[in-house]
Amino acid sequence: MNEMYNMGLSLHSIGAVMILVMVFSNLFVLISADDLAKYKRLNSIFLLPLTATVEGLLIFTGVIMMAAKHLDFTILNIVMIIISVVFILLEVKRIKSLRYLNASKEKAFDAYKPFARRILQIEFALVALISLIMWLV
């Protein structure tokens, strides 16, 4: 049983690193993008599904670890749950605003970039903070 718990912790740590890489990739692609149509296509085909899959992996391994600990809620577990919900809500807000972005307006993408960059930076900071706390405790 202890080996399974340790493997779950390792997978959860790998998922945390993967979500940091995905948020950083989203941020890099956003900053380097010039064309709205190409950005929307890349985001909808590659970045969004991959980010959602990695977030799902992270949540799933977290749920498994909670079950292995017999639902022993600690402050750190509650903070991780809250950060997961906030992460999902921020992603929905960012993607929804991208979906309804009007490509015919000239400055629409320029107005979207600071908004999306701020959301991605908040996501990166939240995940990095909770990951550091998780790895240090």
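## Leu30 and its contacts

Leaving aside neighbours within four places in sequence, Leu30 is in contact with Tyr39, Tyr112, Lys113, Ala116, Arg117 and Leu120. The model that shows these contacts is a predicted one.

Leu30 also belongs to the largest nonpolar core, which has 27 residues. Leu30 is among the core residues with the most contacts inside it, and the others named are Ile19, Tyr39, Leu98, Leu101, Phe109 and Tyr112. At least two residues of this core come from each of α1 (2–32), α2 (36–68), α3 and α4 (108–136).

## The chain as a whole

The chain has four helices and zero strands. Read from the N terminus, the order of its elements is α-α-α-α. Along the principal axes, the C-alpha atoms fill a box of roughly 55 × 25 × 20 Å.

Of the 137 residues in the chain, 34% are buried. Among contacts with a separation of 6 or more, 81% are between residues 24 or more positions apart. The accessible surface of the chain is about 8,600 Å², and carbon and sulfur atoms account for 72% of that surface.

Arg94 is placed in helix α3, which covers residues 75–99. Its relative accessibility is 1%, so Arg94 counts as buried; the cut-off for a buried residue is under 20%. Glu91 is buried as well.

The structure holds one salt bridge. Glu91 and Arg94 form a salt bridge in which the closest N and O atoms are 3.0 Å apart. The side chains of these two residues are also joined by a polar contact of 3.0 Å. Because Glu91 and Arg94 are three residues apart in helix α3, about one helical turn separates them.

Not counting residues up to four places away in sequence, Arg94 touches Asn26, Tyr39, Asn43, Tyr112, Phe115, Ala116, Ile119 and Leu120.

## Thr51 in helix α2

Thr51 is found in helix α2. Its relative accessible area is 3%, so Thr51 is buried.

Apart from neighbours within four places in sequence, Thr51 is in contact with Ile19, Met22, Asn26, Phe87 and Glu91.

Some nonpolar residues lie at the surface. Leu71, Phe73, Ile75, Ile78, Val79, Ile81, Ile82, Val85, Val86 and Leu89 make a nonpolar surface patch of about 910 Å².

Ile75 lies in helix α3. With a relative accessibility of 68%, Ile75 counts as exposed, since the cut-off for exposed is over 50%. Ile75 and Thr53 are 22 residues apart along the chain, and 26 Å separates their C-alpha atoms.

Ile81 is also found in helix α3. Its relative accessibility is 42%, so Ile81 counts as partly exposed. Helix α3 therefore holds the exposed Ile75, the partly exposed Ile81 and the buried Arg94.

Note on methods. Residues are numbered from 1 along each chain as its sequence is written. This is a predicted model: local features need pLDDT of at least 70, side-chain atom pairs count only at pLDDT 80 or more; totals for chains, interfaces and linings use all residues. Side-chain values use heavy atoms; hydrogens and water are left out. Buried means under 20% relative accessible area, exposed over 50%, partly exposed in between (1.4 Å probe, protein chains only). A polar contact is a pair of N or O atoms within 3.5 Å; within protein, one must be able to donate a hydrogen and the other to accept it, and residues adjacent in sequence count only if both atoms are side-chain atoms. Contact means heavy atoms within 4.5 Å. A nonpolar core is a set of buried Ala, Val, Leu, Ile, Met, Phe, Trp, Tyr and Cys residues joined through side-chain atoms within 4.5 Å. Patches are made of residues with over 30% relative accessible area and no salt bridge: like charges are joined within 9 Å, nonpolar side chains (Val, Leu, Ile, Met, Phe, Trp, Tyr) within 5 Å. Accessible areas come from the Shrake-Rupley method with a 1.4 Å probe; for residues, only the protein chains shown count as cover. A salt bridge is a side-chain nitrogen of Lys or Arg within 4 Å of a carboxyl oxygen of Asp or Glu.
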